[in-house]
Amino acid sequence: MKNFITQFSRLFVGILFIISGLIKLNDPLGFSYKLDEYFSEPVFNMPFFVPYSLAIALFLVILEVVLGVMLLIGYKSKLTIWLLLLLIIKFTFLTFYSAYFDVVKDCGCFGDALHLTPWQSFSKDIILLFFILILFFNKKLIKPLFANKIQNILFFASIVLCSFMGYWVLNHLPLKDFRPYKVGTNIRTSMEIPDNAPKSVVEMIFIYKVNGVDKEFTEKDLMSLPEGATFVDRKDKIIVQGYQPPIHDFKLELEGQDNTDLVLSKEKALLVVAYDLEKANPEAMQKLDKTYKEASAKGYYVAVLTGSPNDVIESTKKKYGLAFDFLFCDATALKTIERANPSFVILNYGTVAQKVHYNDINDLNL
C-alpha cells in the first residue's frame with residue numbers, strides 16, 4: 001500500500017508540474033507580468049526585481065517542467081524531491097499571502113488556461129504539498145525508470161526543449177492562445193453582459209484619519225465616528241464578484257472621444273498593438289509607415305493602440321513619420337491582446353481574424 005500511494009503521488013505531482021509549467025512556458029511574458037504584481041509596492045515592495053521578471057519567469061517555468069520530468073523518470077530523486085518541496089513551500093506562501101491579504105487576484109498558476117481564485121490556488125498548493133511530503137518521507141521508493149545514460153539524455157533533452165520553446169514563443173506567438181482575444185473571437189460579443197447575469201455585491205468603505213492614523217469604516221460605522229476624525233477617501237470593496245465578461249476593459253479613445261464602436265464596425269481594420277511606445281521594438285516601428293500604406297491601399301482602417309501618454313505619442317509620430325490614428329487604450333488590456341510590442345491584429349467587423357508578432361510581419365494576410 002505504501003508503494004502504491006508513493007507511486008501515485010509521483011505520477012500526480014510529476015504530471016501536474018509538467019502541465020502547469022508548460023502552460024506558463026507557452027506564455028512566459030504573461031507569467032512575468034504576474035511576477036511584477038508580486039514585486040510591486042502594494043505586495044512585497046521589491047521593485048528592483050521588476051527588470052528581471054522575465055528571466056525569473058523563464059527560469060521558474062523551465063524548472064517546474066524539468067522537475068516534473070525528473071520525478072517521473074526517477075532522475076536524482078533525492079535532489080528532485082528536495083527541490084519540489086522547497087518550490088511548493090514558496091508557492092504555498094505566495095498563494096496564502098495573496099488570499100489572506102487580497103493583493104493578487106490570480107496567481108497565474110495555469111496562465112490564462114485556467115483562472116483560480118487566491119483561496120483555490122492556496123488549496124491546490126496544500127494538496128500538492130501533501131503529496132510531495134509523501135514522496136519526501138518515501139524517497140527510497142522512487143527508483144529510476146531507465147539506465148543512467150538514458151536518464152541523462154532525457155534530463156538534458158527536457159532542458160533543451162523547454163529552452164527552445166521559451167525562445168520560440170517570445171519571438172513569435174504562443175503555441176496555444178488561451179486569452180480572450182484569440183483568433184475567432186468577436187470582441188463586441190465578448191463584452192456583453194447577459195440580462196440574467198449575477199450582480200456584484202459591493203460595500204462602501206470610508207477612510208478617516210483618526211489621531212493621525214488612516215482607519216477604515218463601513219457605512220454603518222459612520223454613526224459612531226470618533227471625535228475629530230477627518231475624511232480622507234472612499235473605496236468600494238467587492239464582497240461577492242458578479243459576472244464579468246471575458247473582455248471588460250477594451251475601450252479605444254481618440255482625443256478623449258470613444259472610438260470603440262467605430263473600430264469594431266469596420267469591415268477591415270489593422271490594429272498595431274503597442275502598449276508602451278517607448279519600449280516598442282524600433283525596427284518594427286520603422287516598418288509601420290510602409291505597412292500602413294499597403295493596408296490602406298487595400299481598404300483597411302489602420303490605427304495604433306497604445307497606453308502611452310500624448311507627449312510620447314506625438315514624439316513617436318514625429319520620430320517614425322506616422323500620420324495615422326493613435327488610439328488610447330488601457331495598457332493592461334493591450335498586454336492581454338498580444339504580448340509583443342508591437343504586434344499586429346486584423347479585425348473583421350470586430351472579430352479577430354489574425355494576430356502576428358512583429359518578427360512575423362511578412363505573414364500579415366491583408
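1. Helices α2 and α3 are roughly perpendicular to each other, a label given to angles of 65 to 115 degrees. The model is a predicted one, in which local features need pLDDT of at least 70, side-chain atom pairs count only at pLDDT 80 or more, and totals for chains use all residues. Residues are numbered from 1 along each chain, and side-chain values use heavy atoms, without hydrogens and water.

2. The angle between α2 (residues 28–39) and α3 (residues 53–73) is about 115°, and their axes lie 8 Å apart. The axes are lines fitted to C-alpha atoms over the stretch in contact, with angles running from 0 to 180 degrees between N-to-C directions. The crossing of α2 past α3 is right-handed, that is, the near helix is turned clockwise from the far one by less than a right angle.

3. On the α2 side, the contact (heavy atoms within 4.5 Å) is made by Pro28, Leu29, Phe31, Ser32, Leu35, Asp36 and Phe39, which meet Ser53, Leu54, Ile56, Ala57, Leu58, Leu60 and Val61 of α3. Sorted by class, the contact of α2 with α3 comprises 11 nonpolar, 2 polar and 1 charged residues.

4. The protein chain has 12 helices and 10 strands, taken as DSSP runs of at least four residues (H or I) and at least two (E), respectively. Among its contacts with a separation of 6 or more, 72% join residues 24 or more positions apart.

5. Of the 366 residues in the protein chain, 45% are buried, meaning under 20% relative accessible area with a 1.4 Å probe. The C-alpha atoms fill a box of roughly 70 × 70 × 45 Å along the principal axes.

Terms used
Angles under 35 degrees count as roughly parallel, over 145 as roughly antiparallel, 65 to 115 as roughly perpendicular and the rest as oblique. Ala, Val, Leu, Ile, Met, Phe, Trp, Tyr, Cys and Pro count as nonpolar, Asp, Glu, Lys and Arg as charged, and the others, Gly among them, as polar. Buried means under 20% relative accessible area, exposed over 50%, partly exposed in between (1.4 Å probe, protein chains only).
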